[in-house]
Amino acid sequence: MLWRGRKATGPRAESRAGTGAEITPETGGQPEPARDEDDKTPMTASIAYKGKTIYDLPVSRSPDIPSVFFMSVHKSGSTLMNNMIRAACEMLEYEFVDIQSHFFNTGISDADIPADTSAIFKPQGYVYSGFRYFPNQYEIPCLNDCPLIVLVRDPRDAVVSQYFSLSQSHPMPGKDADDKLYRHMEEQRKKTLGSDINEFALREVGSFVKKLETYSELLKTHPKARLFQYEEIIYMKKKWIMSMLNFLEWQMKPGQPMSLANRFNVVPKQEDASKHIRQVHPQNYMTKLSPETIAEINRKYSATLLRYNYI
C-alpha cells in the first residue's frame with residue numbers, strides 16, 4: 001500500500017470525504033473544496049501517478065506559520081539536516097513534508113515525478129524538506145514567499161562520498177509505483193563498482209557543480225534565503241540550530257536546541273565504507289583522489305569552487 005501522509009481527522013476531514021476532489025495528470029487539477037472565510041487551515045492536495053493517488057498532503061497542525069523550504073545536495077549533509085528538521089518539527093508540532101523521499105521510497109524516478117506535485121506547496125503551514133537538488137519537474141509557486149535554507153558541500157568531497165554510497169551503502173528505492181527506479185539504482189551500483197574512484201569523480205562531479213550553480217542563481221534573487229556550509233552542521237550543531245531558529249523566528253522551549261544537537265551529534269571514530277555515515281570530515285577527497293584528478297576538477301570547475309570559497 002502506498003503511504004499517503006498523515007491522515008486528517010475531525011470535522012474538516014469528514015467534510016471533505018466523498019468530494020472526489022483529486023488532482024490527476026489528465027485534468028491538471030480540480031478546484032479546491034469551498035471553506036469558511038475565517039478558516040485559515042491550508043487546503044490539502046493530492047498527487048497522482050499513472051492515475052493512482054500516491055500522496056495526500058495532511059492538514060497542517062500549525063496553519064498560521066509561514067511555510068519554509070530546506071534544500072541541499074546529495075551527500076552534503078542533506079540526510080542529517082532532513083532528520084534534524086523532522087525532529088525539530090515534532091518538538092514544535094509543525095507539519096513536516098519530505099515529498100522527494102516519498103517519491104524515492106515509492107519507486108518513482110526523478111524523470112517521472114508528476115508536474116502536479118506543485119499543488120502540495122502552500123505559503124503557510126508547512127515545512128518542506130528533503131530536496132537534494134532544486135526540482136525542475138514541477139513549479140513551487142510560493143517559493144519566493146517563504147524563507148529558504150540551503151546547505152552545500154565541497155563538490156569534491158560530495159562526489160567521493162557518492163562513490164562509496166552508490167557502491168556499498170545507499171538504500172535501495174521502493175517498488176510500489178514500478179521497478180524502473182530500482183533497476184536504475186542496481187545499474188548505477190554495478191557501474192560504480194566497475195569504476196575507479198578517479199574515473200567516477202571526473203564523470204560525476206559535474207552534476208554536483210550544476211546543482212551548486214542552480215542554487216547560486218536562486219540565492220541571488222530569493223528575498224529571504226540563508227546559505228549554510230556542510231562544516232557548520234557537522235562541527236557546530238547547536239550553533240547551526242540556533243542560527244536556523246533565529247533566521248526562521250521559530251521558538252523552541254529551553255533545552256530543546258541542545259537536546260536536538262546532542263541527539264544528532266554522530267561522528268564515526270573511524271571510516272567505514274559500508275555505513276551510510278562513512279566519515280564526516282571535510283577534504284576527504286585529498287586522500288581518495290589522485291593529484292591529477294583534483295587538478296583537473298579544480299581547473300574545469302574553478303568558477304564554482306571559488307564562488308563557494310572551496311579554493
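Me: Which residues of α8 meet α9?

Reply: In this predicted model, K237, K238, I241, M242 and L245 of α8 meet P257, M258, L260 and A261 of α9.

Me: How is the geometry of such a pair to be described?

Reply: Two packed helices are described by the angle between their axes and by the distance between those axes. Here α8 and α9 pack at an angle of about 130°, and their axes are 9 Å apart. The pair is therefore classed as oblique. The crossing of α8 past α9 is right-handed.

Me: What span should α8 have, and what is found?

Reply: Helix α8 has 12 residues, 237-248, and at 1.5 Å a residue it should span 16 Å; the C-alpha atoms at its ends are 16 Å apart, so the two values agree.

Me: Which residues of α8 are buried, and what covers them?

Reply: The buried residues of α8 are K237, W240, I241, S243, M244, L245, F247 and L248. Their cover includes strands β3 (68-71), β6 (148-152) and β7 (225-229), together with helices α2 (78-92), α7 (230-235) and α9 (256-263). Over the whole protein of 311 residues, 52% count as buried.

Me: How should I read the nonpolar cores?

Reply: In soluble globular proteins, nonpolar side chains tend to be buried together. The largest nonpolar core here has 51 residues, of which F69, I99, I120 and F121 touch the most other members. Helix α6 (residues 197-221) supplies the largest share of this core, with 9 residues. A second, separate core holds 31 residues, among them V68, A87, W250 and A261.

Me: With which residues is F121 in contact, beyond its neighbours within four places in sequence?

Reply: Those contacts of F121 are F69, I99, Y128, F131, Y138, E139, I140, P141 and C142.

Me: Are E93 and Q283 exposed or partly exposed?

Reply: E93 counts as exposed because its relative accessibility is 52%, over the cut-off of 50%. Q283, at 48% relative accessibility, counts as partly exposed.

Technical notes: Residues numbered from 1 in each chain as written. Predicted model: local features only at pLDDT ≥ 70, side-chain atom pairs only at ≥ 80, totals over all residues. Heavy atoms only, no water. Helix = DSSP H or I, 4+ residues; strand = E, 2+ residues; numbered from the N terminus. Expected span 1.5 Å × (residues − 1). Buried < 20%, exposed > 50% of the residue type's maximum accessible area, 1.4 Å probe, protein only. Contact = heavy atoms within 4.5 Å. Core = buried A, V, L, I, M, F, W, Y, C linked by side-chain atoms within 4.5 Å. Axes fitted to C-alpha atoms, helices over the stretch in contact; angles between N-to-C directions. Parallel < 35°, antiparallel > 145°, perpendicular 65-115°, else oblique. Left-handed = near helix turned anticlockwise from the far one by under 90°.
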